[in-house]
Amino acid sequence: MLTQRLQFNRMCIAALVVATLAPIALLAQTARSPVAPRRELVESVVREAYDKFKGDTNGKNADYIPYLAKVDSKMFGIAIVTTDNQVLTLGDVNYSFSIQSISKVFTLALAMEELGPDKVFEKVGSEPTGRAFNSPLAVVDMPTHTGNPFVNAGAIATTSLISGKDAQEKWKRILDFYSKAAGEQLTLIDEVYKSEAATNTGNKALSMLLAKYDRIYADPFESVDIYTKQCSVGVNAIQLARMGAMLANNGVNPATNAQVINSDYIPHILSTMALAGLYDGSGGWAWHVGLPAKSGVGGGIVAIAPGKGAIAVFAPPLDEAGNSVKAQEVIEYVARKLNYNLYSPTSVGLK
Ligand code: GLN
């Protein structure tokens, strides 16, 4: 009798534990897509990609920013962060490289947080230019002049939208926002900033052209200087992947659980990445990979698998369009093997 009673009590306790924990387990699952691949599979595919492309010596470091020419071109790191904050890394993932154009994604997000998406769309737009990222001709030719937030002209215009009583306050707002996106404090790489600030006459020219067309919204040279600082922020591959995972996770940083960006704005950001994230290489990228991504001349690329996670790859040598050769190869390989291509209905579980 007593043993029966004890058993019954035990069952009650077990039922209670299950009842309290089940919703927690369910909650934890909501941060992860039901079709996200298993960890062991991701690990083996990333290892395969690393081994396959490690020896590729194609491409060349950016050299129009003198500092970047000196970065060790053999460095190679891969990081994946999932929406439920699993972290997977291989290679040089602790080296802090300059975020460069990938910063444009997060300044766009901040501009939307401040002004809302309609105003940002009106002031900058989102049309691919079909030209190099620093093209002055695109500013002259495009009906909007700004093109989109990911070419230099559109990015400088986007930076000029950020509020603040002076340049210092605007810059602080940007750096704080990037840090919130990464889930930890990021810092400026001073040497990169100095190197780029001493050589950025092309970007100053773009800002003057924008002023001619009334498409820059603060002092042009001040905006270029803040833009140059944002490009000089240091990130390692893990931090970059976490910033990407925040986008994949509806604007919530998976490590801190902070809502960094209004979830309604994520589609605007990802669609812009899909159209212009790899500049005039974006069409080929969409054709082969089918994931929104953003590259920087520092050698980083981050690609987003919405609802699943992000992959960041760092490898300095770039192709003609300014996109890391090995990063493109790795992401294409991994995305194909893991069935991440967004344009494929099988990526969301359709058989
Ligand atoms: N800071 C660089 C520039 O303005 C960023 C370009 C890039 O990463 N594509 O030229």
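Guide: A salt bridge here is a side-chain nitrogen of Lys or Arg within 4 Å of a carboxyl oxygen of Asp or Glu. This is a predicted model: local features need pLDDT of at least 70, side-chain atom pairs count only at pLDDT 80 or more, and totals for chains, interfaces and linings use all residues. Residues are numbered from 1 along each chain as its sequence is written, and side-chain values use heavy atoms, with hydrogens and water left out.

Visitor: OK, which residues are linked with E114 in a network of salt bridges?

Guide: By the rule above, the count comes to 15 salt bridges. One network of them takes in four residues, and E114's partners in it are K165, E169 and R173.

Visitor: How many residues apart are E48 and K337?

Guide: These two form a salt bridge, with their closest N and O atoms 3.9 Å apart. E48 sits in helix 2 (residues 39-53) and K337 in helix 15 (residues 325-337), where helices (H or I, at least four residues) and strands (E, at least two) are DSSP runs, numbered from the N terminus. The pair therefore ties together distant parts of the chain, with a separation of 289 residues.

Visitor: And K170, is that one buried or exposed?

Guide: For burial, the scale is relative accessible area with a 1.4 Å probe and protein chains only: under 20% is buried, over 50% exposed, in between partly exposed. E222 is partly exposed because its value is 24%. K170 comes in at 11%, so K170 is buried.

Visitor: What is the relative accessibility of K60?

Guide: K60 and D63 meet through their side chains in a salt bridge, 3.0 Å from N to O. D63 is partly exposed at 46%. K60 counts as exposed because its relative accessibility is 53%.

Visitor: How much of the ligand's own accessible area does the protein cover?

Guide: Start with the oxygen atoms of the ligand: a polar side-chain atom of S101 lies 2.7 Å from one, a side-chain N or O atom of N152 is 3.1 Å from one, and a backbone N or O atom of V297 is 2.8 Å from one. On its own the ligand has 300 Å² of accessible area, and the protein covers 99%.

Visitor: What is the phi of Q100 near?

Guide: Most residues other than glycine have a negative phi. Q100 counts as buried because its relative accessibility is 2%. Its phi is positive, near 50 degrees.

Visitor: Where does N339, with its positive phi, lie?

Guide: N339 isn't a glycine, yet its phi is about 60 degrees. At 33% relative accessible area, N339 is partly exposed. Its place is the segment after helix 15.

Visitor: Last one: which side chain makes a polar contact with the side chain of N200?

Guide: N200 is in the loop between helix 9 (190-197) and helix 10 (201-212), and counts as buried at 7%. A polar contact is a pair of N or O atoms within 3.5 Å; within protein, one must be able to donate a hydrogen and the other to accept it, and residues adjacent in sequence count only if both atoms are side-chain atoms. At 3.0 Å, the partner of N200 is T228.

How values were computed:
Areas by Shrake-Rupley, 256 points an atom, 1.4 Å probe, with all protein chains shown as cover.
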